[in-house]
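Please look through the sequence and the model shown below before reading on.

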Amino acid sequence: MELADEIRIAAPKDVVYAALNDPEILKQCIPGCEELLQHSDTELEAKVVLKVGPVKAKFGGNVELDKSGAPDAFSLTGSGNGGAAGHAKGGADVTLTADGDETILKYDAKAEIGGKLAQLGSRLIQSTAKKLAAKFFKSFATVVAEKQVA
């Protein structure tokens, strides 16, 4: 499954980049996130509860960041396990482009799923993934823009 989109955020690039590296902001924006722990500058651990169609699962997972292109770009890879519901792994490439006082965030993500989730059908999985990504980025853009005003 592949997802790609771009979103305009009403904040300068350095502020957006800092927010993308702030576990408290990320936890607030990730749908269903119950816990987000930062183990190092490049390693995060998350616990997320998601409902996909009839399947509700609690996922535990790890994310590793590659900040070698920072602050213009970075990559992340991760995997999660939802027990009987299934598992997922994937990654994303994110680029940040300054546009005046705003930032354009583009992402290109790929994911693979297995277990009960994979049996739900690709159309349901794809639409759910798009909704979750849209919800995250809308929330993220709002939180970052509000921090600018405060």
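Which residue in β7 is the bridge partner of Gly 90? In β7, that partner is Ala 111. The model is a predicted one, in which local features need pLDDT of at least 70 and side-chain atom pairs count only at pLDDT 80 or more, while totals for chains, interfaces and linings use all residues. Residues are numbered from 1 along each chain as its sequence is written, and side-chain values use heavy atoms, with hydrogens and water left out.

The elements named here, helices (H or I, at least four residues) and strands (E, at least two), are DSSP runs numbered from the N terminus, and two strands are said to pair if DSSP finds at least two bridges between them. The strands β6 and β7 pair in the antiparallel sense over 13 bridges, and they form a hairpin with two residues between them, where Gly 100 in the turn has a positive phi of about 65°. For context, most residues other than glycine have a negative phi, and most peptide bonds are trans. Strand β7 also runs antiparallel to β1, to which eight bridges join it, and Ala 4 stands opposite Asp 108 in β7.

The interior can be described through its nonpolar cores, a core being a set of buried Ala, Val, Leu, Ile, Met, Phe, Trp, Tyr and Cys residues joined through side-chain atoms within 4.5 Å, where buried means under 20% relative accessible area, exposed over 50%, and partly exposed in between, with a 1.4 Å probe and protein chains only. The largest nonpolar core has 31 residues, of which Ile 9, Val 16, Leu 105, Tyr 107 and Phe 140 touch the most other members. At least two residues of this core are supplied by each of β1 (2-9), α1 (13-20), α2 (23-29), β2, β3, β6 (87-99), β7 (102-114) and α3 (122-149), and the largest share, eight residues, comes from α3. Apart from this core lies another, of seven residues, among them Ala 57, Phe 59, Leu 117 and Ile 125. If residues up to four places away in sequence are not counted, Val 16 touches Ile 9, Ala 11, Leu 96, Thr 103, Leu 105, Phe 140 and Val 144, contact meaning heavy atoms within 4.5 Å.

How many cavities of 30 Å³ or more does a search of the whole structure find? The search finds one, and about 1,400 Å³ of space lies in the largest cavity. Among the 44 residues that line the largest cavity, Ile 30, Leu 50, Val 63, Leu 76 and Ala 111 are the closest to its centre. On a 1 Å grid over the protein atoms alone, a cavity is a set of points where a 1.4 Å probe fits but cannot get out, and lining residues have an atom within 4 Å of a point; the points are joined across faces, edges and corners, and a volume is the space filled by probe spheres set on them. The strands β1, β3, β4 (55-66), β5 (73-81), β6 and β7, together with α3, each supply at least two residues of this lining, and α3 gives the most, with seven. The lining divides into 31 nonpolar, 10 polar and three charged residues, where Ala, Val, Leu, Ile, Met, Phe, Trp, Tyr, Cys and Pro count as nonpolar, Asp, Glu, Lys and Arg as charged, and the others, Gly among them, as polar.

Some single residues complete the account. In the loop between β4 and β5 is Pro 71, which a cis peptide bond with omega of about 0° joins to Ala 70. Gly 83 lies in the loop between β5 and β6 and counts as exposed because its relative accessible area is 52%; Gly 83 and Lys 58 are 25 residues apart in sequence and 7.8 Å apart in space, C-alpha to C-alpha. Gln 38, in strand β2, is partly exposed, with a relative accessible area of 38%, and touches Asn 21, Pro 23, Glu 43 and Leu 44, residues up to four places away in sequence not being counted.

Note on methods:
1 Å grid on protein atoms, 1.4 Å probe; cavity = no way out; pocket = protein on both sides within 12 Å on 5 of 7 lines; lining within 4 Å.
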